[in-house]
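Have the structure open and follow along.

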Amino acid sequence: MHVLGEDQSILKLDEIETGLRSHPPVPGLLKEREPFIVGLESWVARDDTVYWDINPETANPEFFDYYLRAIQKALNEAEDTVVENGAIVWKLYSSGFLIKTPDGIIAIDAVEGPFKSLSRSPEEQEGFLFHWTPKMRRQFAAIVDILFITHRHYDHASWALAKALGETGKTVVVTEEFKERIWVRSPFAKSLRTIDPETDTQVGNFTVQTFQAVQAMQKDESGEYSVRPGDPEHNVYLIRDRQGFTFLHNGDNRGREFTPWLKEVVAEGWAPDVWLKITAWPSQLVNQVMEITQPVMVPGHEWEFGHKPKYGTNKLLPFYKYQGLKYATQEKMLILTWGESYHFEG
């Protein structure tokens, strides 16, 4: 271990890369991986880690290079790997995932980093360094068939990636407010598609069900989140390929309970195999979902540098100590770090 300061010890990034590669992710909490995830979380906590509220131009170059290598690895593997059955899931930044099945490649909530504009690319923000290269965007647009976006927050939606897909004629599935207001005059407006809620809808080779939710941003006098004017419209997605493999992504929804809808659609054959679950939301949600169905849960929304310092970055390590869950067992949990993947067999 290499000491950086008081109460802060950290592994070198090449040691972390080697350790994670030697102990690839599997469902269940593999204790051998824990030291390397702890090591990454120590890098995330460093004072020179990029985040918006202070100095995004001072991103630690070594950590930034590690991030780019991890994302580039995911893009290359997604481009080169042939999937004959099941699905491969790659972890991107924050809530973003890349998924390849025999029917193609989809992305959900893919963003480049903590860039807060929904009307320009990161290069247009002077001094902002923590983002993909234009070549990476072009590669993403070339391999991805459909991009799904849950809601209009910068940590779930990327103008630059949506524009790149639009330039190749690909589809970007969004909420109504995105299509009708936020990106209505964008150069990729014709690529935007909305989906009627609670209706089986064909999008390319995939069938989609959405629950029309909302992200409540403020608590009322009782301490509960309540929906107010201006809160983001929000899609909870169920996405199924032609072999029947199904993914659930609930984004940041906490304004309307989606589990009654989930119970209905599961009874109709929509049981998700994988739940791309956002971290830090109430543990009772996990119990509620697991009472209905038993997907493998892949945490997301960790290491979100746009939230720090006010809200914190969210961490993966607590999932190694996940307790108090009546139905969710550690064997139902798959922890991926940037660029890592897992092949769910069909």
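K219 counts as partly exposed, because its relative accessibility comes to 48%, and the cut-off for exposed is over 50%. Bear in mind that this is a predicted model. K219 sits in strand β11, which covers residues 218–219.

What does K219 touch once its neighbours within four places in sequence are set aside? The contacts are with E224, Y225 and R228. For a sense of distance, take L248: 29 residues separate it from K219 in sequence, and the C-alpha atoms of the two are 26 Å apart in space.

Helix α3 takes in residues 61–80, 20 residues in all. From first C-alpha to last it reaches 28 Å, close to the 28 Å expected at 1.5 Å a residue. At the N-terminal end there is a cap: a side-chain oxygen of N60 lies 3.0 Å from the backbone nitrogen of E62.

Buried residues in α3 are F63, F64, Y66, Y67, L68, A70, I71, A74, L75 and A78. As a general point, an α-helix has 3.6 residues a turn, so residues three or four places apart point the same way.

## α3 meets α4

How are α3 and α4 arranged, in angle and in distance between axes? They pack at about 30 degrees, with their axes 10 Å apart. That angle makes α3 roughly parallel to α4, because anything under 35 degrees counts that way. The crossing of α3 past α4 is left-handed. From α3, the contact is made by L68, I71, Q72, L75, N76, A78 and E79, and from α4 by M136, Q139, F140 and I143.

Some of these names turn up in the burial lists too. L68, I71, L75 and A78 are among the buried residues of α3, while M136, Q139, F140 and I143 are among those of α4.

## α4 meets α5

The buried residues of α4 are M136, R137, Q139, F140, A141 and I143. Their packing partners are α3, β4, β5, β6 (146–148) and α5 (159–167).

With α5, the packing angle is about 50 degrees and the axes are 8 Å apart. α4 and α5 are therefore oblique to each other. The crossing here is right-handed. Contact comes from R137, F140 and A141 on α4, and from A160, L161, A164 and L165 on α5.

Two residues other than glycine have a positive phi. D109 is one, with phi near 50 degrees.

E198 lies in the loop between β8 (192–193) and β9. E198 is partly exposed, with a relative accessible area of 47%.

Strand β9 covers residues 201–203, and T201 is in it. At 12% relative accessibility, T201 is buried, because the cut-off is under 20%. Its side chain reaches the backbone oxygen of T199 at 3.2 Å. With neighbours within four places in sequence left aside, T201 has contacts with R193, I195, D196, F206, T207 and V208.

Q288 belongs to helix α8, residues 283–292. Q288 is partly exposed, at 27% relative accessible area. Neighbours within four places in sequence aside, Q288 is in contact with E257 and T259. As for H301, it is 13 residues from Q288 in sequence and 20 Å away in space, C-alpha to C-alpha.

Terms used
Residues numbered from 1 in each chain as written. Predicted model: local features only at pLDDT ≥ 70, side-chain atom pairs only at ≥ 80, totals over all residues. Heavy atoms only, no water. Helix = DSSP H or I, 4+ residues; strand = E, 2+ residues; numbered from the N terminus. Expected span 1.5 Å × (residues − 1). Buried < 20%, exposed > 50% of the residue type's maximum accessible area, 1.4 Å probe, protein only. Polar contact = N/O pair within 3.5 Å; in protein donor to acceptor, adjacent residues only side chain to side chain. Axes fitted to C-alpha atoms, helices over the stretch in contact; angles between N-to-C directions. Parallel < 35°, antiparallel > 145°, perpendicular 65-115°, else oblique. Left-handed = near helix turned anticlockwise from the far one by under 90°. Contact = heavy atoms within 4.5 Å.
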